[in-house]
Amino acid sequence: MIISIMAGGPEGLWPDLKRYKEMTDFWVGVDRGVWALLENGIVPKCGFGDFDSVSKDEYKVIVQRLQHVDLYASEKDETDLEIAFNWAINQKPSEIHILGATGGRMDHFLGNVQLLQKESVLPYHDEIDIYIVDQQNTYTVKTAGSYEVIAMEDMKYVSFLSVTPEVTGITLTGFKYPLSDRCLEIGSTLCLSNELISDSGNVSFKEGILMMIRSRD
C-alpha cells in the first residue's frame, strides 16, 4: 500500500500530481492540504488538522466529502502533519510520500524534514520507504545498511548528508564520484551533487543515519 500525504505548502512547489494519482492507494490531507486535493480532483480518505487555514464554508465541504475528518485544537504538542504522519506509519504501508511540506516558513520546513529523523521513526525506515517530495527534490533517510539507488531521468543529482555526528564506512559504487569506506561528518559537503553513471548504483555504510536527496536543477 502506498500512502500520499498532502500538507498545506505552496502550490508552486508541488510535484506533478498526475504521477501520484496513478501510484497512490490512500490519500491523506492535512489542514489546507485537504482542500488542495479536492480542488485537484482527489478526494482523500482522511483529513487531519485544526483547519485554521480554510474558511468555514470550505470546512463544511471537507466534512461532507471525506469519509473521516479528525479535528484538533490549534494549541497542541504536535503539528497537523506530524499527527497525520504518525497515523500513516501505523497503517504499515510499503511507502509514504509527503507532498506540500516544503517552502513557506523555514521552521515548518525544517520541522517536517526532522520528522523523518525522529528516534521513534527510525526503525520504520527498514520497513517503509518514506519520502518528502516537491517539484525539485526528493528527500529520504537511511539507517546503516546497503541500498540500491535507481537512476531518475528528471532528478540526476544525488546528494548524501550525515544526520548523525558521523556516518562511518560510507561506500558509493556506480557514481561519478565513488567512495570507499569513508567517514562522512555532519556539516561535510563531500557527498553533494553526485551523479549515477549507469542505470543504478549502490550506497552502503556501517553506522549512523544518512540523508539522501535527489534533485534537478
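Modeller: Start with Ser162, which sits in strand S8 (residues 157-162). Strands (E, at least two residues) and helices (H or I, at least four) are DSSP runs, numbered from the N terminus. This is a predicted model, where local features need pLDDT of at least 70, side-chain atom pairs count only at pLDDT 80 or more, and totals for chains, interfaces and linings use all residues. Residues are numbered from 1 along each chain as its sequence is written, and side-chain values use heavy atoms, with hydrogens and water left out.

Biologist: Why does Ser162 count as buried?

Modeller: Buried means under 20% relative accessible area, exposed over 50%, and partly exposed in between (1.4 Å probe, protein chains only). Ser162 has 7% relative accessibility, so Ser162 counts as buried.

Biologist: Which residues does Ser162 touch, leaving out those up to four places away in sequence?

Modeller: Val167, Leu184, Glu185, Ile186 and Ile209. Contact means heavy atoms within 4.5 Å. Separately, a polar atom of the Ser162 side chain lies 2.5 Å from the backbone oxygen of Thr164.

Biologist: What makes a region a pocket?

Modeller: The test uses a 1 Å grid over the protein atoms alone. A pocket is an open set of points where a 1.4 Å probe fits, with protein on both sides within 12 Å along at least five of seven lines. Lining residues have an atom within 4 Å of a point. The volume is the space filled by probe spheres set on the points, which are joined across faces, edges and corners. The largest pocket holds about 590 Å³. Its lining has 30 residues, with Val30, Thr79, Asp80, Leu81 and His108 closest to the centre.

Biologist: Which element gives the largest share of that lining?

Modeller: H5, with 7 residues. Helix H5 spans 106-115, and helix H4 (80-90) also supplies at least two lining residues.

Biologist: How many disulfides are there?

Modeller: The count is 0. A disulfide is a pair of cysteine sulfur atoms within 2.5 Å.

Biologist: Is Cys46 buried or exposed? And what is Cys183 called?

Modeller: Cys46 has a relative accessible area of 5%, so Cys46 is buried. Cys183 has 37% relative accessibility, so Cys183 counts as partly exposed.

Conventions:
Polar contact = N/O pair within 3.5 Å; in protein donor to acceptor, adjacent residues only side chain to side chain.
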